[in-house]
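I set out to record what I looked up in this structure, entry by entry. The notes follow the order in which I consulted the model.

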Amino acid sequence: MEDGGSFEEKLFSNGDVYVGKIKGILPHGNGKYTWSDGTVYEGDWVDGKMTGKGLIIFPSGAKYEGEFSGGFLHGYGTLTTSNAGVYRGGWRMNAEHGIGRKEYPNSDVYEGLWREGIREGSGRYSWNNGNIYVGNWKNGTINGRGVMKWPNGDIFDGSWLNGHRHGSGVYRFADGELYIGTWSKGLKDGKGTFYPTGSKQPSLKKWCSSLNSENNGLVLNTEKHMAQKSKVKRSLSEKISRSSSSKSSHNLSHRSRTSSLDSSWGVKDPAGDCICHDSSTKSSQSFKEAQSDAPGNSTKVYEREYMQGVLIMERVRSYSEVSHPNKQQNKFSVKQVKKSTCIDIFGGRRSHFLKLNLQLGIRYTVGKITPVPARDVRSSDFGERARIRMYFPKEGSQLTPPHSSIDFYWKDYCPMVFRNLREMFKLDAAEYMMSICGDCGLRDISSPGKSGSIFFLSQDDRFVIKTLKKSELKVLLNMLPKYYYHVGHHENTLITKFFGVHRIKLRGGKKVRFVVMGNMFCTELHIHRRYDLKGSSHGRFTEKDKISSHTTLKDLDLKYEFHMDKKLRESLFKQISLDCTFLESQHIIDYSLLLGLHFRAPENLRALAEYPGSLQQQDSLSSGEDSVKEGDELILPKGLLLVAHEPGSVNTAPGPHIRGNTLRAYSIGDKEVDLLLPGTARLRVQLGVNMPAQATRKVQKDKVEASEIELFEVYDVVLYMGVIDILQEYNARKKIEHNIKSLQFDPMTISVVEPKLYAERFINFLDKKVFPETP
């Protein structure tokens, strides 16, 4: 940079000394500034501020060499602390930012992305004990998809949350054993499959290659950054916005901010700086499967189910039983998808274009209707003219932005009605748009039913978007005025929440209609089982070979009945009756109760999951003395507590599926209650949300396969529920045709019945078979 100004030596009254170029009364150009506390900076100055390249040495012995801007460490540079810690990489306003490598005093190393001094994005962390993690970070903790490798050779590849294994993953042991399943807060939680050493295992090229591919990618990016640092420094320098001139006394206050960086590095505990709750030895042992097989059993695999680290069920199967049915299921799924009328609209990239169009349209209509002053809905808001229409050309227009999808026409149905519904459901418009239209986009999810609909899920899991048939759209729009009245007068309603109805039309005339709904399973607790219950036996079962951890099961698959607090049960059936009366008035049939179960492990066995020896005993169900003997019953101690509601102790923020008051419980004197899960959480109890119950297994032991072992007869569970599929209108002709074809007239064995009979059957089934009254 050009020096400019005269070269002078200046002594300040506080003992600071500056030697170098001066412009007016301010350092400007190249110079050396020595503070009275011993801090020394030598480098470039602009209008009294450290700006450009320079070197600063702190009294502690720490030093930084690199780029500055406005008195801040800003650009590219290297900081070496007094305790031998070294960071080399990007900076912004005195904080690590961008790509960088940090060597901690204890020899730990992190190499990857930073955001304002915190690890954020992709990165590789190597511990001094040999542990290596390659994957995503958020707020300084392991979060998202990533791979952890331990010194003994064990590898976990899967999802993480706040430093814990959380979600789907694969754990491969050094001796060849393999477990594919789900985790929750570091513990196995849900269904999975264990493959012993020597058994045939599924191909894991996608999983196993991720460690090397992600590792190499990060190293190459960093090395490229280091090798071309001059180029990077120039680009960073060009982006720096220089502040205007200020007085000398004000400029030098920035130096205190820079020096505080050194003190913070000296105080931090490097080991505690990286939050990952997985020690090398304990983690490896805790997740070690103790199943030992005879040489002749190499084709056996073990389907298992866990609750918070406790093994509750095991089923011995051959490898062919596990692998081949999945192939058949995949073929079946493809056939089902091809039946959809809207699946072929967008060609090879149909899902990508459809999601882009949805986001563009929703962003436009929500942004257009939100500023409109709030008012009560009118009859005209439900009419044919209550539509927002817009054309979205690819190149953009005066009203629409350019986009990378294909040209399309957009229609938004009854915008004022749905705007008021979102407010009624206490849903913030900005959060709604960010959830659906944010940079992370939408995710595809498989359809749980036979409708052939396409389903998308928002990245934060709060909203489900489902395509509609023309007949379903017609039913929804016809019932919308009464639906609006019903949900407005019954805040505890279990009926699906609708947040918007839209349509996309392409130039060729093809149309896609869809509805935005709340995701009932966006919950604070992990959902172990899902059931779609109609109160019918006609085709209401799931083939075992097609059941996975995310399968939505049906009526005949339900092998539990649930007992709950007397007052909670009364509130539940009062609302179910009100909702069914409404649906009957709209001639709606074929709706379901979607039921989600969160199982709680026995408190005495949850503690055992923390110790490797005890866990091995739990895992060895099929061997010798640890197997469950005929006639044994393990009864679970109560692990759920109802306590008086305390608004300040629970999360009261409304969710996409939560709107209603806090329920009262008979067991604590008809008071509003919270659900206390010892050692886990305290949750607000609402209708259909966080409802505690005791699940009793109905299946007799002589009906259970010999290869399947389930440890408990009684479980504590947390229930989540809602009434879904409410867009099927009764058709008398369809009922007659169906009954003639099936030749069955038993209300439990036919699926098409009159609305009144359907409602009666539905309520009776829930009352007698699902939530029976406790004697």
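**Helix packing and aromatic pairs**

I began with helix α12 (residues 566-585) and helix α16 (residues 755-770), which pack with their axes 9 Å apart and at an angle of about 165°. The model is a predicted one. Angles over 145 degrees count as roughly antiparallel, and α12 and α16 are therefore roughly antiparallel to each other. I noted the crossing of α12 past α16 as right-handed.

Next I looked up which residues make this contact. From α12, I listed Arg569, Phe573, Ile576, Ser577, Cys580 and Glu584. Their counterparts in α16 are Pro755, Lys756, Ala759, Phe762, Ile763, Leu766 and Asp767. By class, I recorded 8 nonpolar, 1 polar and 4 charged residues in the contact of α12 with α16.

I then turned to another partner of α12, namely helix α11 (residues 470-489). The axes of α11 and α12 come within 11 Å, and they cross at roughly 160°. α11 and α12 are therefore roughly antiparallel to each other.

The residues of the contact of α11 with α12 divide into 4 nonpolar, 2 polar and 2 charged.

**Aromatic rings**

How many aromatic pairs does the structure hold? I read off 46 of them. Tyr18 sits in strand β2 (residues 17-23) and Tyr33 in strand β3 (residues 26-34). The two residues are 15 apart in the chain, and I noted the pair as a link between distant parts of it.

**Confidence**

Finally, I checked the confidence of the prediction. The chain has a mean pLDDT of 77, with 72% of its residues at 70 or more. Over residues 210-297, I found the pLDDT below 50. Beyond near neighbours in sequence, this stretch has 172 contacts in the model. Residues 325-348 also have a pLDDT below 50. For residues 325-348 I recorded 26 contacts in the model beyond near neighbours in sequence.

Technical notes: Residues are numbered from 1 along each chain as its sequence is written. This is a predicted model: local features need pLDDT of at least 70, side-chain atom pairs count only at pLDDT 80 or more; totals for chains, interfaces and linings use all residues. Side-chain values use heavy atoms; hydrogens and water are left out. pLDDT is the predictor's confidence in each residue, from 0 to 100. Contact means heavy atoms within 4.5 Å. Axes are lines fitted to C-alpha atoms, for helices over the stretch in contact, and angles run from 0 to 180 degrees between N-to-C directions. Helices (H or I, at least four residues) and strands (E, at least two) are DSSP runs, numbered from the N terminus. Angles under 35 degrees count as roughly parallel, over 145 as roughly antiparallel, 65 to 115 as roughly perpendicular and the rest as oblique. A crossing is left-handed if the near helix is turned anticlockwise from the far one by less than a right angle, and right-handed if clockwise. Ala, Val, Leu, Ile, Met, Phe, Trp, Tyr, Cys and Pro count as nonpolar, Asp, Glu, Lys and Arg as charged, and the others, Gly among them, as polar. Rings of Phe, Tyr and Trp (its six-membered ring) pair if their centres lie within 6.5 Å; planes under 30 degrees apart count as stacked, over 60 as edge-to-face and the rest as tilted.
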